[in-house]
Amino acid sequence: MKKQAVALFVGLALLVPSMNGSALARNQHDREYYETRGEIVWEVPTNTKVMALTFDDGPDPEYTLQIAELLKQYNAKGTFFVVGSRAKDFPEVVRQLASEQHELANHTYSHPDVRRISSERLQAEMEKTQETIFQSTGIRPQLFRPPGGYYSDAVVNTAKKAGFLVVMWSWHQDTRDWSDPGVQKIVNKVLNNARNGDIVLFHDYGGDRKQTVQALREILPELHKRGYQFVTVSEMMRLYGKAKKVGQGEHGDD
């Protein structure tokens, strides 16, 4: 009887994942699998001194605009992965970013944990954000970054279905600025690890982002002095033959 009860318990436990509405956390391959298929981008291999600075979770009427002003001083273009609900609240900030030729990208509408939602919910989040950005700017972004950096087959396939290419960040350029580690730690992380084709992760919202702004005041002039140019993710990919046809499942270069 005890063996039967154990067997029943194990059977039910195995059924739970398949009954769960969220498949987004399952079927995750390693980085090489997605990178070689051209389904996720972490960085762009190049011999030229270019770098893409990316900012998640905004827009914010204070910190996003301060960051945009700093970028302007160095003729730098950033890629802003915006949260749809915040884009709705601050359309003027999104419009300013677009007018200054920064790249707008999709970071869901409510910043959910993608491991705990369904593919249908994720697609709805993407589409709602897309429509919000379009209403403010007339632009439909082509890049998507999942909150928390969580990826899987389901996340990639949902993004492709919605017409997006998934973009992460260089693993050696995760500033963890959201945790307020101190200005110097953010600065050192970027400067000590700077490589051609890096995609650097910052945040322009998610709390007090003063450390991010202060760090950029040191990072930008130093990298500029080293000869780096700051371009958008899409521009970097186009310039160096790594642009993918988003949503088409292309594995090769254009």
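User: Is Tyr34 buried or exposed?

Analyst: Tyr34 counts as buried, at 0% relative accessibility. Here buried means under 20% relative accessible area, exposed over 50%, and partly exposed in between, using a 1.4 Å probe and protein chains only. Bear in mind that this is a predicted model, where local features need pLDDT of at least 70, side-chain atom pairs count only at pLDDT 80 or more, and totals for chains, interfaces and linings use all residues. Residues are numbered from 1 along each chain as its sequence is written, and side-chain values use heavy atoms, leaving out hydrogens and water.

User: How do I read an aromatic pair, and which type do Tyr34 and Tyr151 form?

Analyst: A pair of aromatic rings is described by the distance of the centres and the angle of the planes. Rings of Phe, Tyr and Trp (its six-membered ring) pair if their centres lie within 6.5 Å; planes under 30 degrees apart are stacked, over 60 edge-to-face, and the rest tilted. Tyr34 and Tyr151 are edge-to-face, with 5.6 Å centre to centre and 85° between the planes.

User: Where do Tyr34 and Tyr151 lie?

Analyst: Tyr34 is in helix 2 (residues 31–36) and Tyr151 in the loop between strand 5 (143–144) and helix 7 (153–161), so the pair ties together parts 117 residues apart in sequence. Helices (H or I, at least four residues) and strands (E, at least two) are DSSP runs, numbered from the N terminus. Tyr151 is also buried, at 13% relative accessibility.

User: Which residues form the aromatic cluster?

Analyst: Tyr33, Tyr34, Trp42, Tyr151 and Trp171 form one cluster. Tyr33 is partly exposed, with a relative accessible area of 29%.
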